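Please prepare a briefing on the model shown below, grouped by topic.

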Amino acid sequence: MKTKIKLGVIFGGRSGEHEVSLMSARSVLSVLDVEKYDITQIGIDHEGKWWSGPNTLEALEKGSIGNLSRVFLLPEPGKTVLYKRENNGEVESIQPLQELDVIFPVLHGTFGEDGTLQGFFEMADIAYVGAGVLGSSVGMDKSVFKDVMRSNEIPVVDWITCTRKDVENDIQTIIEKCESQLSYPLFVKPANLGSSVGITKVKNRSDLLEGIMEAARYDRRILIERGVNAREIEVSVIGNEDCRASIPGEINPSDEFYSYNAKYHDGDSELYIPAPIPEELTKRVQELAVKTYKAIDCAGLSRVDFLLDKDTDELFINEVNTIPGFTTISMYPKLWDADGLSYSKLIDELIELAFERKMERNKSKRSFGD
Ligand SMILES: Nc1ncnc2c1ncn2[C@@H]1O[C@H](COP(=O)(O)OP(=O)(O)O)[C@@H](O)[C@H]1O
Ligand SMILES: [Mg+2]
């Protein structure tokens, strides 16, 4: 009998996308082949504490973690062991709970998708699904991401970045800069968030002022971007150095833009798979998606999102999501499914890629002179 792969699936997390992560994890767990994987569920609560035990996911969904144990990993290389921490009154004890070969972080946003957790995995020298520290953090930061796109001659919409300090010191100068360099409507965004949280579309000076104040509540750095009258095209990419792009899909948001409400609440946004665009445009979208993926040193997976200007047909990269929504009805797996890669095969491939990437990483010399 083949030995099973000891797989840790981590979900929840400290970000605003905690609930989205639980939904993604439910889908992932429902298709994992138990003949192939020995699965350990690890849930991170809103405060950042790690838990595991019977039906961890369900416990987190219900907010009743009473039967779970506090668990942790050590940030050092060697065998990866998940430890259980117990506290019986005065005495605290630590016991090994489960060995792990690979981790699938099904976490979206801050402290999951942004390179922080990936840094921890690197310290522990463990195989994990998805991009490394650099790809994750560049993918997360909308401003640095756009700088990297520009330097690779990948088209992005014009923007201005400012800091919360700039806003506190002299918001008037920022507004003047926006109005002289860009034209309304504008989009104001926190640099490091997702799910459209803190994003506003503004059409005049007073809304711009309010939008900047709103974005500054969520992040130290803020982007103000030219608004495009856009169709929204998305492509899934999979792979490490050798990567490939799926057929593109299109989203027609139910709101004026793809807001938090349109994404998660009203359910009226429409998905088109494949996107009804000409073949040459499909090719260009796929090429740009792969180029973007490589430019940020992405690995494993990413959904690359485009804005297609309805007035000029210009194509812009909007953003990448290195751990995109992963429910069976999310765009990332749906695009692959339509392209002939089923949800469960997709997960198998991502786990294989995690091992491949670790092997590649471990080929690098770590010291000079031997
Ligand atoms: N420059 C822009 N022009 C037109 N629409 C935009 C622009 N930037 C963002 N949007 C709209 O706002 C949504 C959310 O913005 P996005 O940058 O994708 O942030 P998030 O990471 O929160 O998804 C997009 O899906 C799109 O509907
Ligand atoms: Mg987006």
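Where is the place of P185? P185 sits in the loop between α6 (164-181) and β10, where helices (H or I, at least four residues) and strands (E, at least two) are DSSP runs numbered from the N terminus. The peptide bond from Y184 to P185 is cis, with omega near 0 degrees.

This is a predicted model, in which local features need pLDDT of at least 70 and side-chain atom pairs count only at pLDDT 80 or more, while totals for chains, interfaces and linings use all residues. Residues are numbered from 1 along each chain as its sequence is written, and chains are lettered from A and ligands numbered from 1 in the order in which they are written.

**Domains**
- The domain assignment, which is automatic or from a database, gives domain 1 (5-128), domain 2 (139-155 + 229-361) and domain 3 (159-226).
- Between domain 1 and domain 3, the C-alpha centres lie 36 Å apart.
- Seven residues of domain 1 are in contact with five residues of domain 3, contact being C-beta atoms, placed from the backbone, within 7 Å.
- On the side of domain 1 that touches domain 3 there are one nonpolar, four polar and two charged residues; Ala, Val, Leu, Ile, Met, Phe, Trp, Tyr, Cys and Pro count as nonpolar, Asp, Glu, Lys and Arg as charged, and the others, Gly among them, as polar.

**Shell around ligand 1**
- Of the 21 residues around ligand 1, F187, S196, V228, F257 and Y258 come nearest; a residue is near if its C-beta atom, placed from the backbone, lies within 6 Å of the molecule.
- Domain 2 and domain 3 both give residues to this shell, so ligand 1 lies between them.
- Strands supplying at least two residues each include β10 (186-190), β12 (221-226) and β13 (230-239).
- The shell has 10 nonpolar, five polar and six charged residues.

**The eight-stranded sheet**
- An open sheet with mixed pairing has the strand order β6-β5-β4-β3-β2-β1-β7-β8, two strands being paired if DSSP finds at least two bridges between them.
- Its edge strands are β6 and β8, each pairing on one side only.
- Strands β1 (residues 5-12) and β7 (residues 102-106) run parallel and are joined by five bridges, with V9 opposite F104 in β7.
- Nine bridges join the antiparallel strands β5 (residues 80-88) and β6, and K84 stands opposite Q95 in β6.
- β5 and β6 form a hairpin with two residues between them, and G89 in the turn has a positive phi of about 70 degrees.
- Of the 10 residues of β6 (residues 91-100), one is buried, so this strand lies largely in the open; buried means 20 or more other C-beta atoms within 10 Å of a residue's own, exposed 12 or fewer, and partly exposed in between, with C-beta atoms placed from the backbone.

**Nonpolar cores**
- The largest nonpolar core has 65 residues, and V9 and V106 have the most contacts inside it; such a core is a set of buried Ala, Val, Leu, Ile, Met, Phe, Trp, Tyr and Cys residues joined through C-beta atoms within 7 Å.
- Domain 1 and domain 2 each contribute at least three residues to this core.
- A second, separate core of 17 residues includes V188, A191, I199 and L223.

**Backbone features in loops**
- The peptide bond from I273 to P274 is cis, with omega near -5 degrees.
- D297 is not a glycine, yet has a positive phi of about 55 degrees; D297 is found in the loop between α9 and β17.
- D313, in the loop between β17 and β18, has a positive phi of about 65 degrees although it is not a glycine.
- With 11 C-beta neighbours inside 10 Å, D313 counts as exposed.

Methods. Contact = placed C-beta atoms within 7 Å.
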